[in-house]
Amino acid sequence: MTSLILATNDLASYRLRQAGRADIVVGLRPRFVWGKMPSSDDLATLLEARSAKHVDFDTHWLDFVSSRWTGSVGKDVGLVALCERCDSVELWADPRPNDQLVLVWLLDVLRPHRHIVAKLRLVQTDVEIGSYRGESSAKWRLPALAATDDRSELASRAWSAFCAPTPEPCFELLMQDLSAIPQLRAALIALLEELPGRDTGLGASELRLLDLVADGEAKPQVLSSELNRQRGVFDFQEAELILDRLAYCPSPVLTGFPAEIEGPDDLEARRERLLYSRLSLTDFGQEVSDRARDFSQHNPIHRWWGGTELTNDRLWRWDSEGRALVAP
């Protein structure tokens, strides 16, 4: 009897492996909350058996997995084939938004494979698995939910909604019963809050960074850590890129970084900048932090929210007070 756990992030898989929860534990690495969404073809290739398509590192879903973790199965197998070889398959999902996106993506991928869905179980945690040592998580007794038709169908709708060219389908999902995937509603709300605000043009994480600086926190690495802890949408590296976006723009809201950003390959200069810089709000940044000015009226906006391309001319916004989506 071979048991398999698919975890929605690497740290969770490490802890579950420590705990001995299954014979094989694999973490999934895609980050869907940042940048342009991978194409459906690229995502399909990621999960296929290794072939000439995977000549570049990080193009196969097991590239970061050690051979000792998969044993005789090896590192060249595709997701569906691995699930077929195992007698039980559990999908462990953290509550954070990216983990919920990985969860619905995987459920959507596996949905057509009825023989796998029949043995698939979902374990939804209320806490981050990676925050607990293996000896602790080994004692957990959590309900394992069957991958029922309504659960799989909801996952497919949620994944399709996030990949859509506007945020409208995700907002419309909030009007529906999402209880089949317990943490999905909170994740969707957190994601919608990252759309540019109605009054400020900044998402919730961007505004939270400004508030932290206004409260006296000046160290970039501490800011990234606090944002990750408090909001939980973006990881440390993504939070650092948000700081860049707020500081290196025509009308910056943050000051304290060097005047010129280092080259993309100058990792040492970037490390020193993030380690030794001390940030503060500009006068404009204070006004945006006070919710009195709109960042987007003074700076170019070009970023992605799921399948939605956000620009100044096509700026979907979130009304935090009315909890409503505002069309361009």
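**Exercise 1.** Find how many aromatic pairs the structure holds, then work through one that involves Phe-32.

*Solution.* 
- Start with the count: there are nine aromatic pairs. Here, rings of Phe, Tyr and Trp (its six-membered ring) pair if their centres lie within 6.5 Å; planes under 30 degrees apart are stacked, over 60 edge-to-face, and the rest tilted.
- Now take Phe-32 and Trp-105: their centres are 5.4 Å apart with 80 degrees between the planes, so by those cut-offs the pair is edge-to-face.
- Phe-32 sits in the loop between strand 2 (24-27) and helix 2 (40-46), and Trp-105 in helix 5 (residues 97-110), so the pair ties together parts 73 residues apart in sequence. Helices (H or I, at least four residues) and strands (E, at least two) are DSSP runs, numbered from the N terminus.
- Phe-32 is buried at 1% relative accessibility, and Trp-105 is buried at 3%. Buried means under 20% relative accessible area, exposed over 50%, and partly exposed in between (1.4 Å probe, protein chains only).
- Ring pairs also bring in Trp-159, making a cluster with Phe-32 and Trp-105.

A quick word on ground rules: this is a predicted model, where local features need pLDDT of at least 70 and side-chain atom pairs 80 or more, while totals for chains, interfaces and linings use all residues. Residues are numbered from 1 along each chain as its sequence is written, and side-chain values use heavy atoms, leaving out hydrogens and water.

**Exercise 2.** Work out which parts of the chain the salt bridge between Glu-262 and Arg-273 ties together.

*Solution.* 
- Check the contact: the two side chains meet at 2.8 Å, N to O. A salt bridge needs a side-chain nitrogen of Lys or Arg within 4 Å of a carboxyl oxygen of Asp or Glu.
- Look at burial: Glu-262 is buried at 17%, and Arg-273 is buried at 3%.

**Exercise 3.** Are Glu-287 and Arg-293 buried or partly exposed?

*Solution.* 
- These side chains form a salt bridge too, at 2.7 Å, N to O.
- Glu-287 has 32% relative accessibility, so it counts as partly exposed.
- Arg-293, at 29%, is also partly exposed.
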